[in-house]
Amino acid sequence: MNQGAKITGNEAAGICGGNSSSGVSFPDAFLVWLKVALNSFGGPAGQIAVMHRYLVEEKQWISESRFLHALNYCMLLPGPEAQQLATYIGWLLHKTPGGIVAGTLFVIPGFLAILMLSILYAGYQNLAFVQWLFLGLKAAVLAVVVEAVLRIGKRALTNRVMVVPAVAAFVGIFFFDVPFPIIVFAAAGLGFVGGRLRPDAFGPRTARSAKDSDCVPLLDALAAQGGLDHAKPSISRAIRVGLVWGAFWLVPIGILYVYLGPQHVFVRQAIFFSESAVVTFGGAYAVLAYVAQQAVDTYGWLKPGEMLDGLGMAETTPGPLIMVLEFVGFMAAFRNPGDLHPMVAGTLGALLTTWVTFVPCFLWIFLGAPYVEALRDNKGLNSALATITAAVVGVILNLAVWFALHTVFGTLDEYRVFGMRLLVPVWSSLNVPSLVIAVLALIAIFRVKLGVLQTIACSAALGVAYHVILSVTSS
């Protein structure tokens with residue numbers, strides 16, 4: 001760790017989480033990030049809790065207030081907040097190499113797991129057992145999304161004023177197909193202005209104070225003493241970061257465009273998922289509505305039920321839930337392989353999708369983190385963040401309704417009335433087994449307090465059991 005300044009004497013005696021002269025060693029940090037990656041189940045909430053336990057409670061490398069400050073600003077950025085939080089803290093500890101290691105390790109286990117599941121799904125989707133398994137997974141995912149709406153709603157809708165952007169976001173995206181980026185920027189503008197006029201209503205909820213400690217976490221102590229030189233804003237450094245990481249992101253897309261043409265599936269994937277990486281404010285659940293609409297309705301890469309299958313994969317594997325995009329990329333290339341073998345094309349599509357999804361995350365962190373550190377007390381940005389989070393509740397509610405309709409009903413009729421889009425279920429297409437399993441999954445999560453992974457596993461087992469019983473009774 002390059003500290004830039006050392007703390008000695010009595011000041012060093014009060015530092016916990018490391019030695020003031022050597023800081024945190026890179027191998028020690030690597031092992032911690034590996035543990036975080038292998039235990040990153042349960043979506044953003046579970047992943048953030050794992051990092052909090054390791055970094056704040058056990059290692060005491062960073063204080064709770066600094067951890068929450070970093071998290072709040074990562075939520076303001078596009079992309080998966082948990083992966084960006086790991087990149088941010090890794091950068092604080094060991095500059096750019098530390099951020100690369102922390103952010104990459106966070107992704108690798110989930111990438112490999114989703115790739116294997118995608119291969120099995122594409123190659124054996126017609127097998128009866130796979131269909132039985134995903135019947136239960138879809139129903140469980142519906143319950144998980146409903147739980148996410150309520151969990152994020154409790155955190156974001158701190159007063160009646162914050163309910164307004166949530167309702168407006170739901171109405172806008174569900175009934176009028178308002179693009180997700182417009183919703184995000186409108187919420188940010190409302191929060192910024194509202195924070196100046198009514199800071200009591202638009203300001204974020206004050207975080208619970210960390211417990212008193214006899215020592216100061218290492219990063220906070222070093223920052224207080226000016227020992228984190230790389231965390232200070234620099235125009236020249238920002239230009240270098242923008243050029244290098246911008247090239248990593250955009251040059252491969254340009255090469256593909258020149259050699260394959262604009263209509264090739266790889267080029268369309270690269271451009272679409274790059275656009276998604278720019279507008280994925282609010283985490284995976286929020287962006288799924290946008291991606292599902294485009295991948296299913298616009299490009300025809302997936303069917304609605306398959307999007308649910310992909311989310312079920314992401315829920316049951318380590319890593320960010322946004323890894324569901326890897327599944328979308330795999331299936332898109334698998335079904336449009338060109339001269340390649342479908343499995344090879346699918347694998348390349350998964351790699352390309354993951355690259356253009358996560359390289360921008362490193363760009364946002366390495367470019368903006370020094371300025372984020374310098375804007376720790378900016379009330380306008382905090383108000384904008386709080387309002388975006390409130391609007392995201394409405395977007396996720398849209399996702400929950402969309403998933404529910406496509407899970408429980410096989411056919412939906414769409415009507416346009418005065419510019420509004422109305423989805424009307426065909427009741428004869430009601431899928432009773434899916435409805436029953438979804439209700440049981442909701443009971444398991446909200447009444448029995450069963451964990452997400454256990455709920456998904458039990459729901460998948462119920463889907464298999466239902467079809468086994470049906471096969472036995474009908475034979």
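Biologist: Which residues form a nonpolar patch on the surface?

Modeller: Trp427, Leu430, Val432, Leu435, Val436, Val439, Leu440, Ile443, Val448 and Leu462 form it, with about 860 Å² of accessible area together. This is a predicted model, where local features need pLDDT of at least 70 and side-chain atom pairs count only at pLDDT 80 or more, while totals for chains, interfaces and linings use all residues. Residues are numbered from 1 along each chain as its sequence is written, and side-chain values use heavy atoms, with hydrogens and water left out.

Biologist: Which helix gives the largest share of the patch?

Modeller: Helix H18, residues 432–446, gives the largest share, six residues.

Biologist: And where is Leu430, and how exposed?

Modeller: Leu430 sits in the loop between strand E4 (420–425) and H18, and it counts as partly exposed because its relative accessibility is 31%, where buried means under 20% relative accessible area, exposed over 50%, and partly exposed in between (1.4 Å probe, protein chains only).

Biologist: New topic: is Glu81 buried or exposed?

Modeller: Glu81, which is in helix H5 (residues 81–124), is buried, because its relative accessible area is 9%. The C-alpha atoms of Glu81 and Gln47 are 9.7 Å from each other, although the two are 34 residues apart along the chain.

Terms used. Patch = residues over 30% accessible without salt bridge, like charges linked within 9 Å, V, L, I, M, F, W, Y side chains within 5 Å. Areas by Shrake-Rupley, 256 points an atom, 1.4 Å probe, with all protein chains shown as cover. Salt bridge = Lys/Arg side-chain N within 4 Å of Asp/Glu carboxyl O. Helix = DSSP H or I, 4+ residues; strand = E, 2+ residues; numbered from the N terminus.
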